[in-house]
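Okay, thanks for coming, everyone. Let me put the model up on the screen and then walk you through it.

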Amino acid sequence: MTEYERSRTMPAQPEHVFDQAADLNQLDAWLPDALHVNAGDPPAVTVHEDRTDEDTSALFRAQRDQMRLEWGTRDQDSYTGWLQVAGIDGGASEVTVHLSFFDDAHDPGAAAVRDALDTSLQRLEEQVRLRVDNAAG
């Protein structure tokens, strides 16, 4: 099993960050460009990966009371992941994303995963900023 984890501080309340991250209709706005989620019948979702041009059955759960998202493959044990939002001083949040790959063939490699996680967290922060700025304006 291979695991990866990245964190980023975001200048917004944890509820705002969580709501943006958990919005199934907005996942493509912050997930890696090569992944696309079709909500289907939650918690069941389908993930399309451009790199392999394959659809994978997956599960996606949002637990607002814990500020936590969890996901993973449904029909095979290829990978799981979670996103945790925690409030920090000054009205900011820390967002941590963790991925576990159980199948080495599904793991795109450390550099690719770290880059994808960092880019996704940056894109999520941009989406949160847009939402907070629009709500305030």
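So, start with W71: across from it, in β6, sits G81. Before I go on, this is a predicted model, where local features need pLDDT of at least 70, side-chain atom pairs count only at pLDDT 80 or more, and totals for chains, interfaces and linings use all residues. Residues are numbered from 1 along each chain as its sequence is written, and side-chain values use heavy atoms, with hydrogens and water left out.

Back to our pair of strands. β5 covers residues 68–73 and β6 covers residues 79–88, and they pair in the antiparallel sense over five bridges. By "pair" I mean that DSSP finds at least two bridges between two strands. A hairpin of five residues takes you from β5 to β6.

Now look to either side. β6 also pairs with β7, residues 92–101, antiparallel again and over ten bridges. There, V85 has V95 in β7 as its bridge partner. Three residues lie between β6 and β7 in that hairpin, and G90 in the turn has a positive phi of about 80°. On the β5 side, β4 (residues 54–63) is joined to β5 by six antiparallel bridges, with L59 partnered by G72.

Zoom out, and you get an open, antiparallel sheet of seven strands, in the order β1-β7-β6-β5-β4-β3-β2. At the edges are β1 (2–10) and β2 (35–41), each pairing on one side only.

What lies across β1, β4, β5, β6 and β7? That's helix α1, residues 14–22, which runs at about 155° to β6. For that angle, axes are lines fitted to C-alpha atoms, for helices over the stretch in contact, and angles run from 0 to 180 degrees between N-to-C directions. Contact means heavy atoms within 4.5 Å.

Which brings me to the inside. The largest nonpolar core has 30 residues, and W71 is back again, among those with the most contacts inside it, along with V17, L69, L83, V95 and L124. A nonpolar core here is a set of buried Ala, Val, Leu, Ile, Met, Phe, Trp, Tyr and Cys residues joined through side-chain atoms within 4.5 Å, and buried means under 20% relative accessible area, using a 1.4 Å probe and protein chains only. Helix α2 gives the most to this core, with five residues.

Last stop, L83: beyond its neighbours within four places in sequence, its contacts include A21, W30, W71, V95 and L124.

Key: Helices (H or I, at least four residues) and strands (E, at least two) are DSSP runs, numbered from the N terminus. Buried means under 20% relative accessible area, exposed over 50%, partly exposed in between (1.4 Å probe, protein chains only).
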